[in-house]
Amino acid sequence: MPALVLVGAQWGDEGKGKIAHYLSARAHLVARYQGGNNAGHTVVFGGRTFALHTIPSGILVPRVRCALGNGVVINARALREEVRSLERAGVRVRGRLFISPLCHMVLPYHVLLDSIREEAGGIGTTKKGIGPCYEDKVARLGVRLCDFLDERLFAELAERSLALKSAELAKARRLRSARAQTFAGARALRAFLRPFAADISALIDEALSRGRRVLFEGAQGAMLDVDFGTYPFVTSSSPAAGGACVGAGVGPTRIGSVIAVSKAYTTRVGRGPFPTEMEPAAARRLREAGREYGATTGRPRRIGWLDLVQLRYALRINGAERLAFTKLDTLSGVDPLLVCTAYRVRQRVLREFPCSRRDAQGAEPLYERLPGFAGDISKARRMGELPPNARRYLAFAERRLGAGIAIVSVGPGREQTIARGPLGWTS
Ligand code: IMP
């Protein structure tokens, strides 16, 4: 049974947590392949709201096993807190969560460096130490989970890394606290993490070979991808679907289909180009209606109209054949609905997302106006129960994107979902 990859098609926060949870009901194994606790997946389930950061949303479905592939970066303290909070809510995690020993560890000096750089004027990161951790990984200075579990090796590697960062940390008067925090409680963290370590590539291979359903749950989104996103205003990993192969140890021949998740409009947090960003009053209205505040940092999200240039690009780099559209209910009462179908860049009409940061920043969106819809649509469970103008809006996007919208979400609850046709193994 080939694997299914679920990816964010915009700048993150598309509602992947809800869709991943919805799809997890039919999965055996749910794996993450990149990012760390910079992610914030909000899942509303059984009358409760869960905010997941590192653990896949599949953990909320009792018989599903969850994995963190080698491409994920682990903040041990944050992960321990997440496990404890799930256990307090009655969710069993031990024996169901497995972590690759090849995962790199986000250490306290990474978090401090991220903050120091942001304070000096960065790109608007989550300050979780994600960039500095991936930097160490590619610079071959990183500490993997298997290294962290070896007390002597960890001390050696951490000291070497700290020495190389000492000038930057000392300048900000954080060197002493960086060292202290790095070693504080490390023994207890090792004891906590050891039982979770497992060969994730082998686990996934075995599941796929036995015909089990495997779901890859992407974090962040295509436009935050370090290669394909709005560089340098991106995260430091590869959220695009191809990242699942290198971030979990799975060959491309094992991936069967890709579903891209998009909001019915667009949001982004942090700095960087955002061609369809709305003017403040309209943005404020949608921000309140859609509770558009970052799940990890609480920052207000920037709000924009649906951008089909950007989405077409995202579908291409992910090889996604189908979309899940979320938060359609939030658009109720907005009239007209603007949809960007092209950009004007330096007097030229562009239908492809520009790679130049100057062009992306200066892109003027060209809109088509569609009539809005009104009323409470959160109880719709079939397409026929949506107002005609809501259906027209979806059909317009499908036609212009050349891709089907297979799932429409009309509220945070799992049941507030309209499923339309086959989705890889979910059919
Ligand atoms: P970092 O991943 O913390 O280094 O942040 C880099 C950029 O990615 C910033 O613009 C963040 O706001 C953004 N980002 C990181 N994680 C998420 C997420 O889960 N949702 C939305 N944006 C994110």
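The model on display is a predicted one. G411 sits in the loop that runs between β18 (404-409) and β19 (417-419). From C-alpha to C-alpha, G411 and S100 are 34 Å apart in space, and 311 residues separate them in sequence.

**The ligand**

Next, select the ligand and display its surroundings. The ligand is surrounded by 16 residues, of which D13, N38, T126, T235 and R299 are the closest. Colour this shell by class: eight of its residues are polar, six are nonpolar and two are charged.

At N38, a polar side-chain atom lies 2.9 Å from an oxygen atom of the ligand. At V269, a polar backbone atom is 3.3 Å from an oxygen atom of the ligand. At G124, a backbone N or O atom lies 3.4 Å from a ligand oxygen atom. The ligand taken alone exposes 470 Å², and 97% of that area is buried by the protein.

**Backbone features in the loops**

The last stops concern backbone geometry. As a rule, most peptide bonds are trans, and most residues other than glycine have a negative phi.

Select Y231 and P232, which are joined by a cis peptide bond with omega at about 5 degrees. P232 belongs to the loop between β9 (214-217) and α10 (243-248).

Continue to D335 and P336, where the peptide bond from D335 to P336 is cis and omega is near 0 degrees. The loop between β14 (322-326) and β15 (337-345) holds P336, and K327 is found in the loop between β14 and β15 as well. K327, a residue other than glycine, has a positive phi near 60 degrees.

Finally, select Q347, in the loop between β15 and β16 (348-350). Its phi is also positive, near 70 degrees. Is Q347 buried or exposed? At 75% relative accessibility, Q347 counts as exposed.

Conventions
Residues numbered from 1 in each chain as written. Predicted model: local features only at pLDDT ≥ 70, side-chain atom pairs only at ≥ 80, totals over all residues. Heavy atoms only, no water. Near = heavy atom within 4 Å. Polar contact = N/O pair within 3.5 Å; in protein donor to acceptor, adjacent residues only side chain to side chain. Areas by Shrake-Rupley, 256 points an atom, 1.4 Å probe, with all protein chains shown as cover. Nonpolar A, V, L, I, M, F, W, Y, C, P; charged D, E, K, R; others polar. Helix = DSSP H or I, 4+ residues; strand = E, 2+ residues; numbered from the N terminus. Buried < 20%, exposed > 50% of the residue type's maximum accessible area, 1.4 Å probe, protein only.
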